[in-house]
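Come along and check each entry against the picture.

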Amino acid sequence: MVKRKAGGSDSKEIVGKAKKRKKTLQEKVDGPSEADKLLPRTLDERMAARRIVVVLEKANLECVQPRKGALELLNSDDHKNICAKNNRDIADARPDITHQCLMALLDSPLNKAGKLLIYLHTAQNVLIEVHPSLRVPRTFKRFAGLAVELLQRHKIRAAQANETLMKVVSNPIEKYLPPGSRRFGFSVSGRSVKLRDFAAELDREAEDKRTAVPIVFSIGAVARDDPVSEAQFGANYIEEKISICPW
């Protein structure tokens, strides 16, 4: 005869699991939220409507093995010695810039309205598609772990849903850009504009032509240099370079 252990730890665990099951069941009954319904699910949906496409060019997402059995995301804080040993500039090990860009983009009202598509193009020529429903880890350490897993497995799936949140896709980026879209690159050497006035100008053009086309913005996710001016990182597909800041 097996005696049952005394104490409330087991009962608390059972109650916790029951609450989780109830929440999941409730979500299944209610279906997707109003915000989730706005998100494009298929490639056709992404190509059809007027959306903003942001391509983060030359993103510093690279795995490094600092010791046997360990795989980490190369960054300027933890791997200064590795950069020095391999004659690598520490400015080229800044994945934190990509992290900050993703948080700003995915938290934006534009993304919440289902009007934003995001692609990452790394310095190693790896192209990554980001799903609009991705919730980026708020701390860099957790983001670094997510990026390493993505670069190893080539996809990140949602824990409780049949949804791929990030995945590596084949190059080139041009085949994922909506046909007929306007394409601009952010560059210090571009035409100087005020972003608010530039957006208003695009709206006026769309009203005059009575057609609203998607807009593509190519942005360098780097600490220095100008990736948009390089053929491999934007120059081949943008129609004009614009500058919103003199430095």
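**Entry 1: the second largest pocket**

I began with the lining of the second largest pocket and found that H8 gives the largest share, 4 residues. My ground rules come next: this is a predicted model, where local features need pLDDT of at least 70, side-chain atom pairs count only at pLDDT 80 or more, and totals for chains, interfaces and linings use all residues. Residues are numbered from 1 along each chain as its sequence is written, and side-chain values use heavy atoms, with hydrogens and water left out.

On a 1 Å grid over the protein atoms alone, a pocket is an open set of points with protein on both sides within 12 Å along at least five of seven lines, while a cavity is a set where a 1.4 Å probe fits but cannot get out; lining residues have an atom within 4 Å of a point. Helices (H or I, at least four residues) and strands (E, at least two) are DSSP runs, numbered from the N terminus.

This pocket holds about 460 Å³ of space, a volume being the space filled by probe spheres set on grid points that are joined across faces, edges and corners. I listed 19 lining residues, with Ile52, Val54, Leu110, Leu116 and Phe217 nearest the centre. Strand E1 (52-59), helix H5 (95-106), helix H8 (195-209) and strand E9 (215-220) each give two or more residues to the lining.

**Entry 2: the largest cavity**

How many cavities of 30 Å³ or more does the structure hold? I found 1, and the largest cavity has about 30 Å³ of space. Its lining is Leu61, Leu120, Phe143, Leu146, Ala147, Leu150 and Met166, and H7 gives the largest share, 4 residues.

**Entry 3: the core**

Of its 37 residues, Leu61, Leu102, Leu120, Val130, Met166 and Phe217 touch the most other members. Helix H7 (residues 140-153) gives this core its largest share, 6 residues.

**Entry 4: Thr98**

Is Thr98 buried or exposed? I found Thr98 buried, with a relative accessible area of 0%; buried means under 20%, exposed over 50%, and partly exposed in between (1.4 Å probe, protein chains only). Thr98 lies in helix H5, and beyond four places in sequence Thr98 touches Ala59, Asn60, Leu61, Leu120, Phe143 and Ala221.

Terms used. Core = buried A, V, L, I, M, F, W, Y, C linked by side-chain atoms within 4.5 Å. Contact = heavy atoms within 4.5 Å.
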